[in-house]
Amino acid sequence: MKKYIFILTVAITALAGCKRDFDAVNPNAPTIASFWKTGADATKGINAVYSTFYRTASLYSRWMFYHGILKSDEGFGSGGDGGLNNLMRFNQTNYNDGLTAQTWQTLYVGVFRANQVIANVPNIAMDETTKKRIIAEAKFLRALFYFNLTLYYGRPPLMLTPSQPKDVPANATTAQAYAQVAKDLTEAIADLPVSYPAADLGRATKGAAYALLGKTYLQQRMYQQAADAFAYLVTGAGSSTYALTADYRDNFIITKENNSESIFEIQFSENQSESTDDDVDESRINNTGTSISQFFAPPGVGFSDGAARRWVIDEFLQERTVANAQDPRLAASFIFNNANPAGPAATIVYGQTFQSRYGTGPDANGVWFRKLLNDHWKNQEGFRSPNNYRLIRYADVLLMYAECLNGLNRTAEAYPLVDRVRQRAGLATLTAAKPGLNQAQFLTQLKHERLTELAGEGWRWADLQRWGDLSPALATRDADFTGFIVGKHEVYPIPQSDIDLNSNLTQNPKY
């Protein structure tokens, strides 16, 4: 099987975020005390943690892409969703805003579920290897949830045991939160397998934990620790597990999921009979797909609530391939009038030419992110896309490892890593095109390389934050940054409702 279904409605999921009347007892549902008895219970429990990925629109079904893509300088709110558009313009006055507050809340649902596994599975009499693996998976997932909480909110409270109604945890510092992410991942690495059989594709692996550990250290510019983690995948034992695909586009189509370049991807599947995005609604059928394609697709196909800035295209046009062709990653990454260099009459958009769809109208110069769409196999979008999201892929790791080596003043060693990524795209190696760059020059070039390789994949905001590039100066290419306030907008506000309920929780600066 390409995908597996994570959904399980049990008491452990119902306690986290369900709107039901908790005083009403469901006689058919097990209690927490009675649930954790068998190895099958442990598997159901860890599956419920994965299910958080697409619990409502607030995580990887939709909104995480708003946070990582549209909020950065490569995208913007382009449709009729006023709340989204204001948020992307750094104009947020309601600190219980749905987009930020619900993402925070759902990430903590994931933390709660992972804590249940970590606390209860050790006491189950079951196969020890499987037990250790399940606990390690839970630690990986808790680390991923806290990585996002730290990246986007800065100072999340650390809750490492099953939460209780009277808990009032204080904010952690950013350093403390990232340290906990690193601790969880380091502990998970020991018991995660290198790979899984087909039926379990998508579960956390040793390589995924090393990659996220490297990201965690790199985000703090801890170059040596990050390099040590990435080395496992590039020069160490994991180097034989991963490889760049020959065709760049293979990383974004449904027929090439879980390929050699995929280190961790969110598994989606199309459920035509679904009727809810709430994975604890026992009366309805859950949506196991993602709705982002409906909201990112261009007008006439989708809602076009999010689109790309035109300046990004110019980055790809700076160089041509060694065969004197357009960088193939451009058409693989974006829908726009000249995605086919022959022009709008030759560029196909969901079965029609760009010219016939948009002509010289208001969308004639529009640019839309393509990687999360389904135009490679159908001529319309919907709310239950089965196209997996490649959260971490090998090209990203190669470029991050190069950034680490450059940060350690080992720039010459970083060149071959970038060369591999460029050669796959048909470009001349960086070694040939720009030899002898110093440390600062190489970082500037690497910023370009990451944009052209990873545009529209959700990492641009993290990159800008790490490089210290978030500022009103970005308004020269993204007008939304006119409203950016340094020392404030690097992170979102903590939901005011949580602060009202917890006297130990404080708001982020300047909110």
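Modeller: The account below begins with the core and then turns to its surroundings.

The model is predicted; local features are described only where pLDDT is at least 70 and side-chain atom pairs only at pLDDT 80 or more, while totals for chains, interfaces and linings use all residues. Residues are numbered from 1 along each chain as its sequence is written, and side-chain values rest on heavy atoms, with hydrogens and water left out.

The largest nonpolar core has 139 residues. A nonpolar core is here a set of buried Ala, Val, Leu, Ile, Met, Phe, Trp, Tyr and Cys residues joined through side-chain atoms within 4.5 Å. Buried means under 20% relative accessible area, exposed means over 50%, and partly exposed lies in between, for a 1.4 Å probe and protein chains only. Within this core, the residues with the most contacts are F53, Y60, F140, F264, F296, F334 and V397. The element that gives the most to this core is helix α7 (residues 128-153), with 15 residues. Helices (H or I, at least four residues) and strands (E, at least two) are DSSP runs, numbered from the N terminus.

Leaving aside neighbours within four places in sequence, N148 is in contact with Y60, M64, L107 and Y153, where contact means heavy atoms within 4.5 Å.

Two strands come next. Strand β2 (residues 262-266) has 5 of its 5 residues buried, and β8 likewise has 5 of its 5 residues buried. β2 and β8 (residues 389-393) run antiparallel and are joined by 4 bridges; two strands pair if DSSP finds at least two bridges between them. I266 has Y389 as its bridge partner in β8, and F264 has I392.

Because its relative accessibility is 5%, R203 counts as buried. Its side chain makes a polar contact with the side chain of E137, at 3.3 Å. A polar contact is a pair of N or O atoms within 3.5 Å; within protein, one must be able to donate a hydrogen and the other to accept it, and residues adjacent in sequence count only if both atoms are side-chain atoms.

Helix α3 (residues 39-51) can be set beside these elements. Its 13 residues reach 19 Å from first C-alpha to last, close to the 18 Å expected. D41, A42, G45, I46, N47, A48, V49, Y50 and S51 are its buried residues.

The loop between α5 (82-88) and α6 (98-120) holds N96, which is partly exposed because its relative accessible area is 34%. N96 and S497 are 401 residues apart along the chain, yet their C-alpha atoms are separated by 6.6 Å. The side chain of N96 reaches the backbone nitrogen of S497 at 2.9 Å.

Two residues at the surface complete the picture. N324, in the loop between α12 (311-316) and α13 (328-333), counts as exposed because its relative accessibility is 54%. K510, in the segment after α20 (496-501), counts as exposed because its relative accessibility is 56%. Phi is positive in both: near 65° for N324 and about 75° for K510. Most residues other than glycine have a negative phi.

Key: The expected span of a helix is 1.5 Å times one less than its number of residues.
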